[in-house]
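Have the sequence and the structure open side by side as you read.

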Amino acid sequence: MTGGLGAGKSTALAALARLGAATLSTDQVVHDLYLDPEVIGLVVDRWGVDVAPGGVVDREAIARSVFSDPDERRWLEELLWPRVGAKVAAFRDEAPTREPAPVAVVVETPLLFEAGMEGLYDATIVVVADEAVRTERAHARGHHGVEARNARQMPPEEKARRATYAVVNDGSVEDMQRALAGVLVRLQEPS
């Protein structure tokens, strides 16, 4: 599952979990990686102690360092993406063995299409919302560099065109959950 900044991916992921899917947020995986002493040491070596005051990584400080500089962003992606990929692979191997079996295994990957990872999955879901709504949500959550982040992401219309399923998040959480329930039903249908 993917979508632009502020589209409602986290809300959709929580709804899918309530509907019986096994879910993993790669954003959460990154949060967890920033607790790893090796990763902390590498980012401090790269950008200085200001990105990890008191040994705790400040994601917004890192964002300020990387989102306007392609070389710095590439360095961070090369550090994190292989580690995220390993966590996703382990989750995908483990999730189907759960009891009861999940109705689907869903991995939230914000840059799914940008990273060319869509081929790793049986189906893709994109959560879309109006740009003004997404920007307002992102600013309300304290995200910095929203415009720069949006500029490096594929336009939502292109993500919707490429995705197997597109879910519009312009109503209530219940509306989105109903739409996602429909997607889960379609995923269970024989191909």
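Predicted model: local features only at pLDDT ≥ 70, side-chain atom pairs only at ≥ 80, totals over all residues.

## A buried charge

Start with Glu 108: this residue is buried, yet it has no salt bridge. The nearest side chain of opposite charge belongs to Lys 9, and that one is 4.6 Å away.

As for its place in the fold, Glu 108 sits in strand β3, which covers residues 105–108. Setting aside neighbours within four places in sequence, Glu 108 touches Met 1, Lys 9, Ser 10, Leu 13, Leu 24, Ser 25, Thr 26 and Asp 27.

## Two tryptophans

Next, look for aromatic rings: the structure has one aromatic pair. It's formed by Trp 47 and Trp 75, with ring centres 5.1 Å apart and planes at 80°, so it counts as edge-to-face.

Trp 47 is in helix α3 (residues 37–47) and Trp 75 is in helix α5 (residues 70–94), so the pair ties together parts that lie 28 residues apart in sequence. Trp 47 is also buried, with a relative accessible area of 18%.

## A cis proline

One last stop is the loop between α5 and β3, where you'll find Pro 100. The peptide bond leading from Glu 99 to Pro 100 is cis, with omega near -5°.

Definitions and conventions:
Residues numbered from 1 in each chain as written. Heavy atoms only, no water. Helix = DSSP H or I, 4+ residues; strand = E, 2+ residues; numbered from the N terminus. Buried < 20%, exposed > 50% of the residue type's maximum accessible area, 1.4 Å probe, protein only. Lys, Arg positive; Asp, Glu negative; His and termini not counted. Salt bridge = Lys/Arg side-chain N within 4 Å of Asp/Glu carboxyl O. Contact = heavy atoms within 4.5 Å. Phe/Tyr/Trp six-rings, centres within 6.5 Å; stacked < 30°, edge-to-face > 60°.
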